[in-house]
Amino acid sequence: MIEHIELFFKSIFIDNMVFAVFLGMCSYLAVSKKVATAVGLGAAVIFVLAITVPLNWLLDQYLLQPGALKWLGAEYADYDLSFLSFIMFIATIATMVQLVEIVVEKFSPSLYNSLGIFLPLIAVNCAILGGSLFMQSREIETLGLAFNYGVSSGIGWFLAILAIAAIREKIRYSSVPAPLRGLGITFIITGLMGIGFLSFGGMLTGGDEEGEPAKDTTAQVESIENTDEAKKLAEAKNTKTID
């Protein structure tokens with residue numbers, strides 16, 4: 001349970017898709033002019049990540065990894081299909097994005113029209129593919145953790161676009177210098193928010209740093225004891241030699 005909580009908060013605040021690794025910036029900048037539109041796209045990203053990351057985890061575990069095909073028989077244990085990772089991951093993502101597009105167009109035509117081209121472009125959104133690739137590179141162990149990572153990564157991206165959309169709506173009524181209006185001030189605010197999110201970096205690592213001195217002290221005590229024993233053995237051998 002602890003590892004689920006740790007992964008959840010770490011994916012949202014410490015390894016945020018936008019402010020930590022700067023993925024999905026095209027949609028983040030283009031669809032963040034209104035809060036309502038940002039909420040719709042953010043919800044779609046959460047849904048797609050929550051489905052595609054676990055599905056791609058299953059593909060990685062039972063099809064793509066070296067030796068993943070051993071469940072088919074011993075003769076397939078040496079097969080390595082990892083070179084197909086990008087193709088398989090993108091195919092899964094494109095399928096889910098098409099499903100999301102159909103659902104949004106059916107039940108919310110106004111949101112579908114406001115999102116425009118950026119809804120189908122979720123299929124090539126680097127944040128979506130990045131979620132699956134990070135899942136693979138970090139060797140997430142279980143399907144439950146993969147689902148947790150997908151949802152929390154989506155929530156992190158959702159919070160980022162929601163925050164910038166709210167700020168941009170307020171800035172519209174502010175006296176921003178002419179050279180900075182539009183994307184200029186947006187980039188500056190994004191950088192400042194990224195610096196702010198860096199403060200979460202020690203949220204889940206403080207306990208580890210405190211535990212290190214104790215290990216060093218134990219190692220020092222053991223080395224001193226070993227040195228004393230070696231001296232005693234040497235003295236005993238010298239005494240026997242003299243006798």
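Where is Trp 71 found? Trp 71 sits in the loop between helix 3 and helix 4; helices here are DSSP runs of H or I, at least four residues, strands are runs of E, at least two, and both are numbered from the N terminus. Before going on: this is a predicted model, so local features need pLDDT of at least 70 and side-chain atom pairs count only at pLDDT 80 or more, while totals for chains, interfaces and linings use all residues. Residues are numbered from 1 along each chain as its sequence is written, and side-chain values use heavy atoms, with hydrogens and water left out.

Trp 71 is exposed, at a relative accessible area of 54%. The cut-offs are under 20% for buried, over 50% for exposed, and partly exposed in between, with a 1.4 Å probe and protein chains only. Trp 71 belongs to a nonpolar surface patch with Leu 55, Leu 58, Tyr 62, Leu 72, Tyr 76, Tyr 79 and Leu 143, together about 760 Å² of accessible area. Areas are Shrake-Rupley values with a 1.4 Å probe, and for residues only the protein chains shown count as cover. Patch members have over 30% relative accessible area and no salt bridge, with nonpolar side chains (Val, Leu, Ile, Met, Phe, Trp, Tyr) joined within 5 Å and like charges within 9 Å. A salt bridge is a Lys or Arg side-chain nitrogen within 4 Å of an Asp or Glu carboxyl oxygen. Helix 3 gives the most to this patch, three residues.

The largest nonpolar core has 46 residues, and Tyr 28, Ile 122 and Trp 157 have the most contacts inside it. A core is a set of buried Ala, Val, Leu, Ile, Met, Phe, Trp, Tyr and Cys residues joined through side-chain atoms within 4.5 Å. Helix 3 supplies the largest share of this core, nine residues. Beyond its neighbours within four places in sequence, Tyr 28 is in contact (heavy atoms within 4.5 Å) with residues including Val 18, Trp 157 and Thr 190.

Last, the backbone. Which residues have a positive phi without being glycine? Phe 22 is one, at about 55°, in the loop between helix 1 (2-14) and helix 2; Phe 22 is partly exposed at 46% relative accessibility. Glu 139 is another, with phi near 55°, in the loop between helix 6 and helix 7, and is exposed at 63%.
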